[in-house]
Amino acid sequence: AYHLLESSGGCRDCPLDGSGALSYPAPMRLSRTIALLAPLSLATVAFAQAEPPPDPNFTPATSPIVGYMIVAILFGVIVAVSLMPSKRSHTDL
């Protein structure tokens, strides 16, 4: 039976290709690659956590009340413009 497989060019369902090595399907190769690279990614996370975080020394230059006042003025302008009556013509009566 083996000589028949040889003469027909090989077997599609056989796990061995012509080189004698196993040929794995693409999803299996991808999962194997991910399984090999996962410990490396976890190691980078561990090294990143070894450093202490930077000291928070943020001091805002302006008060947030200035921003609130600008928002209130813009809101008032938008409401005033939207409530102004439109003067189209004498047919609006």
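What is the mean pLDDT of the protein chain, and what share of its residues reach 70 or more? In this predicted model, the mean pLDDT (the predictor's confidence in each residue, from 0 to 100) is 76, and 70% of residues reach 70 or more. Residues are numbered from 1 along each chain as its sequence is written, and side-chain values use heavy atoms, without hydrogens and water. Local features need pLDDT of at least 70 and side-chain atom pairs count only at pLDDT 80 or more, whereas totals for chains, interfaces and linings use all residues.

**Fold and confidence**
- The protein chain has three helices and zero strands, both being DSSP runs numbered from the N terminus (helices H or I, at least four residues; strands E, at least two).
- Where pLDDT is low, the predicted coordinates should not be read in detail.

- Of the 93 residues in the protein chain, 0% are buried (under 20% relative accessible area; exposed is over 50%, partly exposed in between; 1.4 Å probe, protein chains only).

**Helix α3**
- α3 reaches 29 Å from its first C-alpha to its last over 20 residues, close to the 28 Å expected at 1.5 Å a residue.
- Val77 lies in α3 (residues 64-83) and counts as partly exposed because its relative accessibility is 45%.

Note on methods: Expected span 1.5 Å × (residues − 1).
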